[in-house]
Amino acid sequence: MLFRSLIGRFATGVAVILAKDDDRPCGMTVNSLTSVSLDPTLLLFCARNESRSADTVLRVGRFSVNILKRDQTEISNAFSGRGDVASVPLLRDRGFLRLADASAVFLCDLHEVFPGGDHRIILGRPVHMEAPEGQVDPLLFIGGQYAQLPKPPTDRLTC
């Protein structure tokens, strides 16, 4: 499909959306994450209409957004159906389920849902946000595969 091929040239970050379903982790990998508004603070992600994980998010009314680091491709694969979710370290935090180690975490209440063709557009309102100190290298996705930013050189010349 031409559209998918061309839109795949747009590099994105990778995130995992998590919700707690009767004490079981339920999640999905997304690259359709974006900020929507600063006041009120809102973000969105998109999920296929058939997504059971999205159904859980809508039913429980809250979810976490976990932005992945460059070395977390296995976590991304696990929540996209190509790996073992049971091996991913998770935490319970303020009544939310989240990754134990992410580049940034947003704990969100469900704000609104809109139809978007074969996807649903799910807006969340963060009630808590956090990240480790310092900049963390992101996991990227482009052209149907993972990518990473090059490491900056450590031997800088000064004048």
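Which residues lie nearest the centre of the largest pocket? They are Arg 4, Thr 29, Val 30, Asn 31 and His 119, and the lining of this pocket has 42 residues. The model is predicted, so local features need pLDDT of at least 70 and side-chain atom pairs count only at pLDDT 80 or more, whereas totals for chains, interfaces and linings use all residues. Residues are numbered from 1 along each chain as its sequence is written, and side-chain values use heavy atoms, with hydrogens and water left out.

**Pockets**

- The largest pocket holds about 1600 Å³ of space. A pocket is an open set of points on a 1 Å grid over the protein atoms alone, where a 1.4 Å probe fits and protein lies on both sides within 12 Å along at least five of seven lines; lining residues have an atom within 4 Å of a point. Grid points are joined across faces, edges and corners, and the volume is the space filled by probe spheres set on the points.
- At least two lining residues of the largest pocket come from each of α1 (2–7), β1 (12–13), β3, β5, α2 and α3 (73–78), and β3 gives the largest share, 6 residues. Helices (H or I, at least four residues) and strands (E, at least two) are DSSP runs numbered from the N terminus.
- The lining of the largest pocket comprises 19 nonpolar, 17 polar and 6 charged residues. Here Ala, Val, Leu, Ile, Met, Phe, Trp, Tyr, Cys and Pro count as nonpolar, Asp, Glu, Lys and Arg as charged, and the others, Gly among them, as polar.
- The second largest pocket holds about 190 Å³, and its lining has 8 nonpolar, 4 polar and no charged residues. β4 (34–38) and β5 each give two or more residues to this lining, with the largest share, 5 residues, coming from β4.

**Nonpolar cores**

- The largest nonpolar core has 16 residues, and Ile 17, Met 28, Phe 45, Phe 63, Val 65 and Ile 122 have the most contacts inside it. Such a core is a set of buried Ala, Val, Leu, Ile, Met, Phe, Trp, Tyr and Cys residues joined through side-chain atoms within 4.5 Å.
- Beyond its neighbours within four places in sequence, Ile 17 is in contact (heavy atoms within 4.5 Å) with residues including Met 28, Phe 45, Phe 63 and Val 65.
- A second, separate core of 14 residues includes Ile 75, Ala 78, Val 88 and Leu 139.

**Salt bridges**

- The structure holds 9 salt bridges, each a side-chain nitrogen of Lys or Arg within 4 Å of a carboxyl oxygen of Asp or Glu.
- Asp 21 and Arg 59 meet in a salt bridge at 2.5 Å, N to O; Asp 21 lies in strand β2 and Arg 59 in helix α2, 38 residues apart. Asp 21 is buried at 13% relative accessibility, whereas Arg 59 is exposed at 52%. Buried means under 20% relative accessible area, exposed over 50%, and partly exposed in between (1.4 Å probe, protein chains only).
- Asp 55 and Arg 120 form a salt bridge whose closest N and O atoms are 2.9 Å apart. Asp 55 is in helix α2 and Arg 120 in strand β10 (residues 119–130), so this pair ties together parts 65 residues apart in sequence.
- Asp 93, Arg 94, Arg 98 and Glu 130 are linked in a network of salt bridges.
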